[in-house]
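Visitor: Please take a close look at a single part of this model and go through it with me step by step.

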Amino acid sequence: MKLGLGALLQACRIKSGMSQEDLAAQMNRSQTCISKYENNRKPPDIFTFMEWFKQTNTQEIGMLLSQQMINGIDINIIVQSLMPIVGGFGWWFFL
């Protein structure tokens, strides 16, 4: 079962209708790099993090996530609370 920031990033990408290749091209990254972010094998830096939400048109998710992280809430708790907002990709699968 996939949890964490990668699951949320993937759900945002899928909600936007983009493939990993599409997002990679928009962000000037490789598809492999996008896959590593989504599978929690590589943590995104803050610029990549914010660009991801911009390119997938899910800035509201990025803002909510940022606010919760600043407050020190565990990332898995944040992801569980945000997945219903992302919707569309069977968010229940990640809980």
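**A helix and the residue after it**

Guide: Helix 2 is followed by Asn28, and the phi of this residue is positive, near 55°. The model is a predicted one, in which local features need pLDDT of at least 70 and side-chain atom pairs count only at pLDDT 80 or more, while totals for chains, interfaces and linings use all residues. Residues are numbered from 1 along each chain as its sequence is written, and side-chain values use heavy atoms, with hydrogens and water left out.

Helices here are DSSP runs (H or I, at least four residues) numbered from the N terminus, and Asn28 sits in the loop between helix 2 (20–27) and helix 3 (31–38). Asn28 is a residue other than glycine, yet its phi is positive. Asn28 is also exposed, with a relative accessible area of 73%, where exposed means over 50% relative accessible area, buried under 20% and partly exposed in between, with a 1.4 Å probe and protein chains only.

Within helix 2 itself, Gln20, Leu23, Ala24 and Met27 are buried. These residues cover an arc of only 105° around the axis, so they lie on the same side of helix 2; the arc is that of the directions from the helix axis to the C-beta atoms. What covers the buried residues of helix 2 includes helix 1 (5–15), helix 3 and helix 4, with contact taken as heavy atoms within 4.5 Å.

Asn57, which is not a glycine, has a positive phi of about 55°. Asn57 lies in the loop between helix 4 (46–55) and helix 5 (59–70), and Asn57 is exposed, with a relative accessible area of 57%.

Key. Helix = DSSP H or I, 4+ residues; strand = E, 2+ residues; numbered from the N terminus.
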